[in-house]
Amino acid sequence: MIFKQLHEPLSNTYTYLLGDQDSGLAILIDPVIASMDRDLAEVHKLGLRLAYTVDTHIHADHITAALEMKRAVGSKIAAPAHDQLPCTDVGIEEGIPLRVGSVVLHPLHTPGHTDGHFAYLSGDRVFTGDALLIEGCGRTDFQNGDADALYRSVHSKLFTLPDETLVYPAHDYKERFVSSIAQEKRRNPRLGNGKTLEEFESIMGNLNLPYPKFIDYAVPGNRQCGVCPSHLPEDLAQYCKQMTESPQG
Ligand code: FE
């Protein structure tokens, strides 16, 4: 399998490129609209054609490139069926793998950061979205977030994977790239090292995080599979910059 980890600097999002040499097809997990030209160039540089974009959840911190990539190169939009977005081509459900040539994603419903959140297991890698970050996890105070549900998702669906499974998160804010299930079970300060549900709820309830500055634009845009609002305040314009400078289609 061809594998590449791509980084979008504004929201510190990791986008993952998974490609199959034999069929010449590729998947992008969590592509970001501001980086779509770069990401499509990566796919093409490898001699691949983008078959699917796959999102882990409805993001609050960036706009997905799913719809614009579909317009640009005809990729299909795969997203959790739970969210019932009319713009998706394939509704992801647990137990129904997404196959692109020899690349197989096994969806794991991992609610808690959002109620429709999915992680994807592919061989010895798991793409954990915002359910499990390196020594952290996504916040649980928006979009039907639920600390209790997140704790159960991580402990029952992710920490039960083989210890050697590599953890590829949707974000990292400290320039880390990859972890493993064993490492998170041991070192995750919120969820690992014997932390109880009560301790986790108390940690998540006392984070005192600021209101996400892009959420009021990102969520409605992502419910349409990635539409940038026509008028963004100047300090947020960079979230959609590439699209205003070089419209696709
Ligand atoms: Fe998120």
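Residue D89 is partly exposed, with a relative accessible area of 36%; buried denotes under 20% relative accessible area, exposed over 50%, and partly exposed the range in between (1.4 Å probe, protein chains only). The model is predicted, so that local features require pLDDT of at least 70 and side-chain atom pairs count only at pLDDT 80 or more, whereas totals for chains, interfaces and linings use all residues. Residues are numbered from 1 along each chain as its sequence is written, and side-chain values use heavy atoms, with hydrogens and water left out.

The side chain of D89 meets that of K70 in a salt bridge (3.0 Å, N to O), a term that requires a side-chain nitrogen of Lys or Arg within 4 Å of a carboxyl oxygen of Asp or Glu. Because D89 lies in the loop between β5 (76–80) and β6 (90–92) and K70 in helix α2 (residues 66–73), the pair ties together parts that are 19 residues apart in sequence. Helices (H or I, at least four residues) and strands (E, at least two) are DSSP runs numbered from the N terminus. K70 is likewise partly exposed, at 31% relative accessibility.

A salt bridge also joins K157 and E94, with the closest N and O atoms 3.1 Å apart. K157 belongs to helix α3 (residues 147–158) and E94 to the loop between β6 and β7 (98–100), distant parts of the chain 63 residues apart. The relative accessible area is 25% for K157 and 38% for E94.

R176 and D172 form a further salt bridge (3.1 Å, N to O). Here R176 is partly exposed at 24%, whereas D172 is buried at 4%. Both residues belong to a network of salt bridges that links E135, D172, R176 and R187. The structure holds 12 salt bridges.
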